Amino acid sequence: MRVLVQKFGGTSVATPEKRRQVVQHVRKALEDGYAVVAVASAMGRRGEPYATDSLLELLAREAGGAPDPREQDQLVACGEIIACAVLSQALIRQGIPAVSLTGAQAGILTEGRHADARILQIRTERLHRELSGGRVPVVAGFQGVTEEGEVTTLGRGGSDTTAAALGVALGAELVEIFTDVDGIKAADPRVVPDAPTLASVAYREAAELAHLGARVVHPRAVEIAMEGHVPLRIRQTGSDHPGTLVWDRPAGGTMEIRSDRPVVGIAHVGDLAQVVVGGRQDFNQDALHSRLLQAVARKGVSIDLILVSPHQLMFSVPEPAASAVHEALAEFDVEVAVTRKLAKVSVVGAGMHGVPGIMARVARALTGAGVAILQTSDSHASISCLIDGERLGDAIRALFEEFELGRGA
Ligand code: ADP
Ligand code: MG
């Protein structure tokens with residue numbers, strides 16, 4: 001059985017017109033001989049009645065503060081279940097046998113951590129039964145169930161993860177992620193409207209772009225697909241554009257990583273704050289570094305761009321967490337300075353590893369645009385710079401020009 005997983009994002013299932021397009025994609029795949037498993041996200045965006053944000057607002061109003069995590073999962077999981085029943089009905093009406101399934105019915109077992117659970121295992125018996133019976137299972141994305149029967153969710157963008165995990169568990173030939181843009185672009189199209197769509201990227205590049213802020217695909221979905229050797233294709237619901245193929249380029253093939261294209265894309269994250277902790281004492285004494293970091297960790301804040309030196313500790317946090325961090329550090333005899341309204345811009349490319357001068361080009365582009373670099377970090381496939389959030393658009397466009405990303409992949 002050749003299995004194809006097709007995941008449809010929130011906007012793709014939001015209106016009858018969009019759902020007709022979804023039905024066409026499913027029909028086409030069935031005609032091509034695939035056994036199709038569909039995955040759906042909650043319908044629509046903020047403000048629309050069954051969207052995840054609307055459900056979250058409903059509970060937040062009732063809670064008058066942070067909602068109970070279990071009740072939150074119980075409620076937001078309904079968003080995907082609604083979308084799946086509606087989509088399944090649309091398929092049935094068009095003569096395609098379909099059956100909507102909750103995460104639990106689809107056998108998606110997770111750990112118990114509410115709102116950010118990881119998939120542990122997929123028990124595929126039910127899915128196989130539906131596929132053998134010639135039906136299209138329409139699986140609720142973003143959710144699972146613990147061994148004890150508790151409903152969990154996988155974190156924002158988690159339907160991508162559901163699709164990738166199903167693809168691996170079912171030995172799918174391909175996982176298609178349908179969204180509102182025609183693939184992974186060289187930069188966020190909201191900032192660079194004419195950014196070209198990348199024809200293909202390596203798993204590592206897609207994962208890096210996703211981790212560094214490109215919301216178009218969830219980083220965990222890319223990692224699961226990479227480990228399971230299932231290719232992903234990101235494409236647009238409203239078009240036949242082939243989209244972006246995410247896979248491992250065959251070594252020595254026509255797709256090998258070219259060092260003349262060290263950077264394939266730019267990602268960014270906004271609303272960050274930088275925390276600089278200084279003092280006269282040596283932070284290596286009395287385990288001060290580790291006590292400071294533990295105090296921050298106890299607030300449940302995850303930190304980034306971490307720089308540790310004998311007389312200074314520097315890191316960035318999401319801006320809404322800045323005051324919690326300030327509180328956490330108040331009990332220490334250190335100086336704490338917090339700068340808000342910052343952003344992180346990153347250049348990504350597996351081909352940059354070992355190529356000299358990439359950082360110099362990043363610095364040249366940003367300096368040329370009058371954008372100050374506050375801090376940097378890098379990996380084997382990316383370089384990130386912390387900058388003034390007000391200058392983010394200029395920074396992205398300057399890097400886009402410097403690395404000639406307009407000429408496409
Ligand atoms: P879905 O609801 O279908 O999962 P998302 O909103 O999660 O859709 O992801 C699609 C959005 O990702 C696009 O509308 C676009 O604004 C944004 N995006 C950010 N960076 C990129 C990029 N490099 N390429 C394409 N889209 C991007
Ligand atoms: Mg998404």
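**View 1. Thr153 in strand 8.** Thr153 lies in strand 8, which covers residues 151–153, strands (E, at least two residues) and helices (H or I, at least four) being DSSP runs numbered from the N terminus. Thr153 is buried, with a relative accessible area of 2%, where buried means under 20% relative accessible area, exposed over 50%, and partly exposed in between, with a 1.4 Å probe and protein chains only. When its neighbours within four places in sequence are left aside, Thr153 is in contact (heavy atoms within 4.5 Å) with Asp73, Val76, Arg113, Ala115, Asp116, Ala117, Phe142 and Gln143. This and the following views show a predicted model, in which local features need pLDDT of at least 70 and side-chain atom pairs count only at pLDDT 80 or more, whereas totals for chains, interfaces and linings use all residues. Residues are numbered from 1 along each chain as its sequence is written, chains are lettered from A and ligands numbered from 1 in the order in which they are written, and side-chain values use heavy atoms, with hydrogens and water left out.

**View 2. Val138 in strand 6.** Val138 belongs to strand 6, residues 136–140, and is buried, with a relative accessible area of 0%. Beyond four places in sequence, the contacts of Val138 are Ala38, Cys84, Leu87, Ser88, Leu91, Ala98, Val99, Ser100 and Leu101.

**View 3. The aromatic pair Phe8 and Phe178.** The structure holds one aromatic pair, counted for rings of Phe, Tyr and Trp (its six-membered ring) whose centres lie within 6.5 Å, with planes under 30 degrees apart taken as stacked, over 60 as edge-to-face and the rest as tilted. The ring centres of Phe8 and Phe178 are 4.8 Å apart and their planes stand at 20°, so the pair is stacked. Phe8 in strand 1 (residues 3–8) and Phe178 in strand 9 (residues 174–179) are 170 residues apart, and their pairing links distant parts of the chain. Both Phe8 and Phe178 are buried.

**View 4. The largest nonpolar core.** A nonpolar core is a set of buried Ala, Val, Leu, Ile, Met, Phe, Trp, Tyr and Cys residues joined through side-chain atoms within 4.5 Å. The largest such core has 68 residues, among which Leu166, Ile184, Val246, Ile266, Val345, Val347 and Leu399 touch the most other members. Helix 11 (residues 392–402) gives the most to this core, with six residues. Domain 1 (3–180) and domain 2 (265–407) both give residues to the core, so it lies between them; the domain bounds come from an automatic or database domain assignment. The C-alpha centres of these two domains lie 35 Å apart.

**View 5. Val347 and its surroundings.** Not counting residues up to four places away in sequence, Val347 touches Val263, Gly265, Ile266, Met352, Val362, Ala381, Ser382, Ile383, Leu399 and Phe403. A second, separate core of 25 residues includes Leu4, Met43, Ala140 and Phe178.

View 6. Asp286 is exposed, with a relative accessible area of 63%, while Ala287, at 41% relative accessibility, counts as partly exposed.
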